[in-house]
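Q: How should I read the features of a structure like the one shown here?

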Amino acid sequence: MTTAVPAKGSSRGKAERAKGKTTDGKTNGVGPLLRGWRERRRVSQLELALRADSSARHISFVETGRSRPSEEFLLRIADHLDVPVRERNSLLLAAGYAPRFRETPLDDPTMGTLREGLEQLLAGYEPYPALVVDAKYDVVAANRGIAMILDGLPAHLFEGSLNAMRVTLHPEGLASRIRNLREWRGHLLHQMERQIALQRSDALREVYEEVAAYPVADPGEDAFEPGTEVPYFALPLRIEHDGHVLSFISSISTFNTPMDVTVAELAIETLLPADPATSKYLQQQMP
């Protein structure tokens, strides 16, 4: 059985964006915002103009405030710069237009079909672990495979919003059970760093700074038992459970062409057994 947690919108964030502020709290017109995203993506004005069927002159005029862009132009440029959906609303607001993309709470009646689909997807993946997280890795739904892995962790890790990064890297969380903690921790932190570089999210940066500061105990040698070596095709998560060492390969999926901020920020993570022993063990636990 899966457990869903409603996604929460921020009325303060909406108010700030209505005043032309970005989600990192900086007040900017549309020109500096657009230039910021272009520079973040390391794209020249000429290259962007060629991609977006525009001219470097027009893009320069928009960035310097000499020309007011149309809604269609802004959305086309944002698409070529891979600007997050939330920040596309910020661009529109800064240019004096209404937001184009809604931000609907996950528990809203209009999201019923989406919730049902996610529940079916997670349940269908059992006995293998799978979960859905939002933009700062708060868990909004998870299946029994995840519940099995988390079983026995301290109750304080589940207070408030359950955060996947926090519960994984906290010294009292899964970190105490992960056999290749230093490798897996490095992978997760690098993943968060890439997202921070692509987005303007103070909330995600706060989570990153918290989990990156957790002390890392020496887990000892992560040795394979004789005769059990497997030619892994990707970095595995090797984690102990009830005296067994389970190995998983992580896969993350997102929604294509989202038209809602909430949907755009959801990610589905599935843990695929990396060896026959792990698959057999999970099937025995949840026949």
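**Reading burial and contacts**

A: Start with Thr-270, which counts as buried because its relative accessibility is 16%. Buried means under 20% relative accessible area, exposed over 50%, and partly exposed in between (1.4 Å probe, protein chains only). This is a predicted model, where local features need pLDDT of at least 70, side-chain atom pairs count only at pLDDT 80 or more, and totals for chains, interfaces and linings use all residues. Residues are numbered from 1 along each chain as its sequence is written, and side-chain values use heavy atoms, with hydrogens and water left out.

Q: Where does Thr-270 lie, and which residues does Thr-270 touch?

A: Helices (H or I, at least four residues) and strands (E, at least two) are DSSP runs, numbered from the N terminus. Thr-270 is part of strand S6, residues 267-273. Contact means heavy atoms within 4.5 Å. Leaving aside residues up to four places away in sequence, Thr-270 touches Tyr-125, Pro-129, Ala-130, Ile-249, Ser-250 and Ser-251.

Q: Which residues of helix H4 are buried, and what do they pack against?

A: In H4 (residues 56-63), the buried residues are Ile-59, Phe-61, Val-62 and Glu-63. They pack against helices H2 (30-40), H3 (45-51) and H5 (71-80). After H4 comes Gly-65, with a positive phi near 85 degrees.

Q: How many helices and strands does the chain have, and how many of its residues count as buried?

A: The chain has 13 helices and six strands. Of its 287 residues, 46% count as buried. Among contacts between residues at least 6 apart in sequence, 61% join residues at least 24 apart.
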